[in-house]
Amino acid sequence: MFDGTSVLVAAYDEFDRLRYANPAFRAAFFIDDDETPLWSEIMRRNHGAGRGSVIRAEDFEAWLVSTQSRRGKTGFRAYETDLVDGRWLWMTESVRGDGWMLCIASDITGMRAEDRTVRQDRDFAVKASYTDELTGVANRRFVTERIEEMLRRPPSRAGLLGCVVLLDIDHFKPINDRHGHQAGDLILRDFARRIAGMVRRSDCFGRMGGDEFLLVLPRTSIGQAVLVVERMLAVIRTARPVPDRGDIAYTFSAGLAEGRPGDTAASLYARADKALYCAKMSGRNRIYREGPEPDRPAIAQ
């Protein structure tokens, strides 16, 4: 039914890989019939070729990190976007509980240009209100809303609501004092970029403030969350964020907490914060999970 329509239809899995697209969608975004690329791959290659979506950003990679920090994180989103070929699309994104997303776009090029401009300005304002200015990832407001949304959803078949993970860069103030705020900003941006590139589209990652970040993992057990953050620790330990300064390295500590019936965003955050405190007091550069025992190390260097 979708093959013969001019409406653009596509479905992405929880990792944001294209699993279905009708001919209209593939033609608009230059995707071959047998391809199943990641959304980021579609955007990167089309931007490099000067086709597909119009991206008004001087730094494409920074735009990509910022956009992915919010893409597919809510149950439904509608917005307008324009293509390099002059077409204007009305795009809707509907996300299921398992992370799969259905995208449907209609051509609205015939609508008045001034009306489109007003709506696009509105979309830009909404985006800015949910974005951390320094790092480009989601801000505290957006991430907190995702915790609340996770707790409202019915649990998975295994009874899982999900987990939150507080991530805090180790010894950040001494780094700032020793190497200057410019180096500190580079570390924050490097951390945000690396971690954002490792999360599933169904997860949410953002900056809470200062050197503290938060990861929301819906329908994920605390054991699975430990494995996710363990991989992140390994990546950050090898990072060298300041050009021409290979001696500047950094690590982070993490506190994990699993959602329970009756939880609020504040109560879940507080338990993750307590676990983070244990990680800091036990030497940093490690993961701690919540539990009845005072110390429950998940992994350390």
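Me: Which residues touch the most other members of the largest nonpolar core?
Reply: This is a predicted model, in which local features need pLDDT of at least 70 and side-chain atom pairs count only at pLDDT 80 or more, while totals for chains, interfaces and linings use all residues. Residues are numbered from 1 along each chain as its sequence is written, and side-chain values use heavy atoms, with hydrogens and water left out. A nonpolar core is a set of buried Ala, Val, Leu, Ile, Met, Phe, Trp, Tyr and Cys residues joined through side-chain atoms within 4.5 Å, where buried means under 20% relative accessible area, exposed over 50% and partly exposed in between (1.4 Å probe, protein chains only). Among the 35 residues of the largest such core, those that touch the most other members are L167, F191, F205 and F252.

Me: Which element gives the largest share of this core?
Reply: Elements are DSSP runs numbered from the N terminus, helices being H or I of at least four residues and strands E of at least two. Those that give two or more residues to the core are β6 (162-169), α6 (172-179), α7, β8, α8 and β9 (252-258). The largest share, 8 residues, comes from α8.

Me: With which residues is L167 in contact, leaving aside its neighbours within four places in sequence?
Reply: Contact here means heavy atoms within 4.5 Å. With those sequence neighbours set aside, the partners of L167 are F191, I195, F205, D211, E212, F213, V229, F252, S253 and A254.

Me: How many residues does the second, separate core have?
Reply: This second core is separate, and L18, A24, I42 and Y79 are included in it. Its number of residues is 25.

Me: What is the orientation of α7 to α8?
Reply: Axes are lines fitted to C-alpha atoms, for helices over the stretch in contact, and angles run from 0 to 180 degrees between N-to-C directions. Helix α7 (residues 181-196) packs on helix α8 (residues 222-237) at an angle of about 140°, with the axes 10 Å apart. Angles under 35 degrees count as roughly parallel, over 145 as roughly antiparallel, 65 to 115 as roughly perpendicular and the rest as oblique, and α7 is therefore, relative to α8, oblique.

Me: Which residues make this contact of α7 with α8, and how many of them are nonpolar, polar and charged?
Reply: The contact is made by F191, R194 and I195 of α7 together with M232, V235 and I236 of α8. Ala, Val, Leu, Ile, Met, Phe, Trp, Tyr, Cys and Pro count as nonpolar, Asp, Glu, Lys and Arg as charged, and the others, Gly among them, as polar. By class, the contact of α7 with α8 has 5 nonpolar, no polar and 1 charged residues.

Me: How are α2 and α3 oriented to each other?
Reply: α2 and helix α3 (residues 60-68) pack with their axes 11 Å apart, at an angle of about 150°. The two helices, α2 and α3, are therefore roughly antiparallel.

Me: Is R219 buried, partly exposed or exposed?
Reply: R219 is found in the loop between β8 (212-218) and α8, and although R219 is not a glycine, its phi is positive, at about 50°. With a relative accessible area of 33%, R219 is partly exposed.

Me: How far apart in space are Y288 and R219, C-alpha to C-alpha?
Reply: Y288 lies in strand β10 (residues 286-289) and is buried, with a relative accessible area of 5%. Y288 and R219 are 69 residues apart in sequence, and their C-alpha to C-alpha separation in space is 19 Å.
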